[in-house]
Amino acid sequence: MTTSRPGAVEGREPEARPHPHRARYRRIMRFASAQLVQLWWFELFLPRIGLDRVAERTRPERMRRIARRFHALAVDLGGLMIKVGQFLSSRLDVLPPEVTDELAGLQDEVPAVPFADIRALAEAELGVPFERAFAWVDERALAAASLGQVHRARLADLDAADTGLRDVVVKVQRPGIDEIVAVDLSALRKVAGWLRRVRIVSDRVDAPALIEEFAQTSLEEVDYLHEAQNAERFGENFADDARVGTPAVVWERTTRRVLTLEDVTAIKINDIEGLRAAGIDPAAVADAFAAAMFEQVFTHSFFHADPHPGNIFVTPSAGGWRLTFVDFGMMGEVPQSLRSGLRAMVIAVAARDGRKLVDAAQEVGVLLPSADTKEFERALTALFARFGGMGFAELASVDQREFRDFAVEFGDTVRSLPFQLPEGMLLLFRAVSLTLGMCSGLNPAFNVWDAVEPFAAQLLRDEGGSTMRGMVDQAWDSVTTAARLPGRIDAVVTELEEGTLTFDTSRLERRLDALIRIGRRAVSAVIFAGFVVGGALLLVPAPPLAIVLLAVSAAPLAHAVFGGAGRR
């Protein structure tokens, strides 16, 4: 006797169940395909037929529409796509302001997962019922984001006695988020592979590398053990500093998907009324916050890369108050390799040498090898000519409109290059920009130069010996080059007299070939025009001949338009 499986039709194998996230993957790919078709039409096809002005005129509004569509897609899908939008909004180095401005307001706020689902996942991770792990848990989410959500709780008596803590917050991953992250990253890698084959994109940005940077950050952010280690490392850096606090980690109730921390909720750093009600001067908070952030960068080389208002509290205490940081999923480091590149930049800036600064940027990995850096070098020369040599006090007195106008022009130059910030430097810029925005909100008269000057001066003192050696090496290179110059000139003259001097004309030959191809396409265009005009004139007196001429005109038209396709 045989039994059939539920749902099976006799004589036929049951259909395989579709992957629950296949529709999500297809939706992302459809969106990307549509944008790539639009990119091909406006940025490749129209310029090829002489309509490049149409592409340029419509570009800003097209970029805004694409960003708005992606904004809507990210909000609807949630998951990693919101993080993608936030990541893209910070890529001022490779994306136009029309895109970054539109995505800047994308908030990682989504509806909370039902508490029953959160509880089931947490109990499976912790291996014990909630009643044993916690004496009480608030079923209302304190915060809900695309990757996880947070609930207030109270430790059970035994854990409280062991840790010395009572009130905690429990951060739990959204059920199924691992599969969603895997699907989203798979789609993004596929799109990056497409972009690598589009020359106008690949010449300016290494899309696969960009996606891998984002993937690494995202995978670290969904690993709560990694976040817990970051929290402890951050706390150790400020262990002897009463101005900065960090929540303690409850390791007994922490896994890869569940993170339990001391509840340090206090006054949000941007709550100006709350600060004043507690007798705390917002301007003093701005100064302390800037000092704490720059100390992380310049002293510890390990910094909080997401210091938005929800992640920083001001905690009143008997002796005054302190800043308390939370959420250590996104942290940045300044590795030795980056410090070496920054040192080279310091030498170049000290010498006001645009060429050396370009070389340092390439050493750091900011500029791709294909970069044509002449415009960038000219922009740097203009920067040194206008602002070079100014002290912090002088820079602070420069008209802000002049800064803004120069920044717009400089930004256009940068975006025209294959200019791509390494992940560490991008996180650094993000942290600094959020810090300056926060401080300006707390104190409209906040002067960033006063905050940076002590750390910049220390950096120059620390690197002083290396900088001097670098400048001496640079001077010695110039002397040795000058010493070798007479001999090299003599060798060239000797070869010229003997008739053995040769030249590499391959590049000239390629240019001539290109001019010949252009000339042939121009002739085809003239022939096409002649056929079309002749056909139009004969359409009434001799319709058959006119139709033949119009049909034949397609051949020279195709050569004029596509004759250069496939050639660089």
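I started with Arg243, which is partly exposed at 40% relative accessibility. My cut-offs: buried is under 20% relative accessible area, exposed is over 50%, and partly exposed lies in between (1.4 Å probe, protein chains only). Arg243 pairs with Asp241 in a salt bridge, with 2.6 Å between the closest N and O atoms. I count a salt bridge when a side-chain nitrogen of Lys or Arg is within 4 Å of a carboxyl oxygen of Asp or Glu. Asp241 is buried, at 14%.

Next I looked for shared partners.

A note on the source. The model is predicted, so I record that local features need pLDDT of at least 70 and side-chain atom pairs pLDDT 80 or more, while totals for chains, interfaces and linings use all residues. Numbering runs from 1 along each chain as its sequence is written, and side-chain values use heavy atoms, without hydrogens and water.

Then I checked Arg119 and Glu131. Their closest N and O atoms are 2.2 Å apart, a salt bridge. The pair connects helix H5 (residues 115–126) to helix H6 (residues 130–133), 12 residues apart. I take helices (H or I, at least four residues) and strands (E, at least two) as DSSP runs, numbered from the N terminus. Arg119 is partly exposed at 26%; Glu131 is exposed at 53%.

Last pair: Asp167 and Arg154, bridged at 3.5 Å, N to O. Asp167 sits in strand S4 (residues 167–173) and Arg154 in strand S3 (residues 148–155). Asp167 is partly exposed at 42%, and Arg154 is partly exposed at 32%.

My tally is 23 salt bridges.
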